[in-house]
Amino acid sequence: MAMLTIKDLNVYYGVIHAIKGVSFEVNEGEVIALLGANGAGKTTILHTITGLVQAKSGSVDFEERELTKVPAHKIVSLGMAHVPEGRRIFLELTVFENLSMGAYTRKDKKEIADTLEMVYSRFPRLKERRSQIAGTLSGGEQQMLAMGRALMSHPKIMLMDEPSMGLSPIFVEEIFDIIREISKGGTTVLLVEQNAKKTLQIADRAYVLETGKIVLSGDAKELMNDPKVKAAYLGE
């Protein structure tokens with residue numbers, strides 16, 4: 001059974017029909033990619049799933065619970081974490097304070113401390129810089145902090161929006177390695193990324209969006225060899 005089911009989702013911005021009848025599933029343990037050009041609707045879908053944007057119609061079911069009327073802050077406590085585009089870390093707070101904010105829905109101090117150690121083991125650079133003001137970190141380190149903060153909520157599924165955007169090639173490699181590790185650690189991942197080649201290399205399945213509609217879907221490795229995907233997203 002699917003962990004996350006999106007069914008016939010329609011989203012409007014005023015009179016603009018941004019998401020047009022989108023349906024897809026994410027199964028437990030999968031890495032699922034949403035691909036598409038800028039303006040295709042990828043970020044809008046993530047925002048609708050996590051309660052930041054209201055759907056006009058359709059449903060978002062997470063572990064058989066319908067989410068379209070659930071407030072965003074309550075969705076986090078259900079086991080869903082969102083790593084937003086642009087990172088959105090608290091620039092004036094320290095690395096440690098940012099990570100602590102990620103655990104605000106949790107109560108057990110021992111479990112929070114254990115999760116913090118797990119995050120530090122996965123991101124040794126964050127442990128080294130735990131007392132540093134987040135705004136002074138490099139772009140790649142800030143992205144790691146955004147991902148670490150999301151992991152502090154101990155999510156069942158992580159939604160990531162453009163985690164490699166604006167990063168140097170070395171950091172891009174590192175971020176994709178971390179996404180692989182997060183998946184292997186048992187967290188399901190729904191990934192929005194412009195870097196289609198890297199994304200399809202780590203994803204199980206992918207959906208391709210154009211102007212608010214899914215136009216292609218399938219096994220990630222098969223889509224890597226699809227002539228349309230090659231021409232549009234892989235530069236081949």
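Analyst: Here is a friendly tour of the pockets. This is a predicted model, in which local features need pLDDT of at least 70 and side-chain atom pairs count only at pLDDT 80 or more, while totals for chains, interfaces and linings use all residues. Residues are numbered from 1 along each chain as its sequence is written, and side-chain values use heavy atoms, with hydrogens and water left out.

Let's begin with the largest pocket, whose volume is about 500 Å³. A pocket here is an open set of points on a 1 Å grid over the protein atoms alone, where a 1.4 Å probe fits, with protein on both sides within 12 Å along at least five of seven lines; lining residues have an atom within 4 Å of a point. The volume is the space filled by probe spheres set on the points, which are joined across faces, edges and corners. In the largest pocket, 20 residues form the lining, and Val76, Ala81, His82, Tyr104 and Arg149 lie nearest its centre. At least two lining residues come from each of helix 2 (72-77), strand 6 (80-83), helix 3 (95-102) and helix 6 (139-151); helices (H or I, at least four residues) and strands (E, at least two) are DSSP runs, numbered from the N terminus. By class, this lining has 13 nonpolar, five polar and two charged residues. Ala, Val, Leu, Ile, Met, Phe, Trp, Tyr, Cys and Pro count as nonpolar, Asp, Glu, Lys and Arg as charged, and the others, Gly among them, as polar.

Now for the second largest pocket, with a volume of about 200 Å³. Gly39, Ala40, Gly41, Lys42 and Thr43 are the closest to its centre among the 16 residues that line it. Helix 1 (residues 42-49) gives the largest share of that lining, four residues.
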